[in-house]
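Okay, thanks for having me. I'd like to walk you through one model today, so let me put it up on the screen.

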Amino acid sequence: MYAQGGYGQAPPQQQQQYNAGYQQQQQQQYAPQQQQQQYGVQQQMTEQPQQAQQTQQQEVVTQAAAPTDQGKAQPIYVDTQHDDMVHDAQLDYYGTKLATSSSDRTVKIYDVSGNSYAPNATLTGHSGPIYQLSWSHPKYGTLLASASFDGSILIHRESRQGEWILVKAFVGLHESSVNSVQFAPHEYGLVCAAGSSDGRVSVLTHGGESNGDDEWTVEYLNDTPLGVNAVSWAPYGVGKEGEDEQCEPLPPRLVTGGSDNGIRMWTKNASTGIWEQSVVESGDAHHKDWVRDVAWAPSIIPGMNVIASCSEDKTVIIWKQGGDGTADDDKKWSPKVLNTFEDPVWRVSWSITGNILAVSSGDANVTLWKEELDGVWSLVNQVEDSAEGAQGE
């Protein structure tokens, strides 16, 4: 099953796109997450707001680059045909494929071009709601990972247009719901992390076909016993090490958000290969309810790390580390509340450039935020509600 078009061999046309560089990369957009079902499930569904339990969002909007007479991009409204609530929507690296997941236990994939879309495939295999999806870098082909309430992670690959095969099934990976999954930056290899309500994070690493090893290894990180709701990888980067200050690649790093209202940083020790947890002191700015999502921003300023977290407490917090050039500031995380919303906040997602943050909240709004020169975050735009937009057409 792995012999042809394996993990390290993308289809010829896609490999040519990858070799062309990042210039072809399109900005990832954000599907509104109206009343999204809880991620930290732990079979406590009764704690979810009543409106979120009953609302089934079956339509996804993506702000595609569809030119109009005014030269402005227009949203594409996708009728997903899911039979239950939609939990996630993800565009691939090039923005040409859209994947959606639902409580109906299916993943639907669409080809997106200009201002139109076409169904590509429907993926099955999970026995419970599917909470999150993640595309791999095209260096490894068209791979899609899915995380489900059934405690498993499935990885599918498109072997040819519209034909998908299950290349790996991590059945029983966790003892409870898997709420989040994300592939690591491609420089670290074919690696993905998953967070679960059993309180652990699993790191799945592919051996690499170039080494003759087509097996996967699994590492577990004991995060919080109350459950992990979200994981996010730090971008690949380099830092100065040693007395000669030579630039060396930074080790893989993770941030998690959990049902204990906190976030945690994990770093893989370059010498021992062991994942180590670092302490985050939040001070006065901290979440007072479950953390629903975390997102590590792309690097803008060398030596500076930026993370966004959102919570049931209706707030979004921006965490910053480094950037001032001093040893103390390079290690300390400084939190700042971006905004307090009217409803719980479900998702946060950064633009490719790392300077705009999309926030999806329980009031059916997706808002875009940008930091000004004085450090104040301001609202720059609001994405139109998909249901209202569809009715207006």
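Before anything else, a quick definition: two strands pair here if DSSP finds at least two bridges between them. And keep in mind that this is a predicted model.

With that in hand, look at β11 and β12. They run antiparallel, and five bridges join them.

In soluble globular proteins, nonpolar side chains tend to be buried together. Here the largest nonpolar core has 17 residues, and I153, I155, F170 and L204 have the most contacts inside it. Who supplies it? At least two residues come from each of β8 (143-148), β9 (153-160), β10 (163-170), β11 (178-183) and β12 (191-196).

Let's zoom in on F170. Skipping its neighbours within four places in sequence, F170 is in contact with G151, S152, I153, I155, L204, W216 and V218. Apart from that core there's another one, with 16 residues, including V316, L338, L357 and V359.

Most residues other than glycine have a negative phi. R105 isn't a glycine, yet its phi is positive, about 70°. You'll find R105 in the loop between β4 (97-102) and β5 (107-113). A364 also has a positive phi, near 75°, and is not a glycine either. A364 lies in the loop between β26 (356-361) and β27 (366-371).

Are these two buried or exposed, or something in between? R105 is partly exposed, because its relative accessible area is 44% and that class runs between 20% and 50%. A364 comes in at 14% relative accessibility, so A364 counts as buried, the cut-off being under 20%.

Last stop: S361, in strand β26. With a relative accessible area of 2%, S361 is buried. Its side chain makes a polar contact with the side chain of D363, at 2.5 Å. S361 and W346 are 15 residues apart in sequence, and their C-alpha atoms are 5.4 Å apart in space.

That's my tour.

Key
Residues are numbered from 1 along each chain as its sequence is written. This is a predicted model: local features need pLDDT of at least 70, side-chain atom pairs count only at pLDDT 80 or more; totals for chains, interfaces and linings use all residues. Side-chain values use heavy atoms; hydrogens and water are left out. A nonpolar core is a set of buried Ala, Val, Leu, Ile, Met, Phe, Trp, Tyr and Cys residues joined through side-chain atoms within 4.5 Å. Buried means under 20% relative accessible area, exposed over 50%, partly exposed in between (1.4 Å probe, protein chains only). Helices (H or I, at least four residues) and strands (E, at least two) are DSSP runs, numbered from the N terminus. Contact means heavy atoms within 4.5 Å. A polar contact is a pair of N or O atoms within 3.5 Å; within protein, one must be able to donate a hydrogen and the other to accept it, and residues adjacent in sequence count only if both atoms are side-chain atoms.
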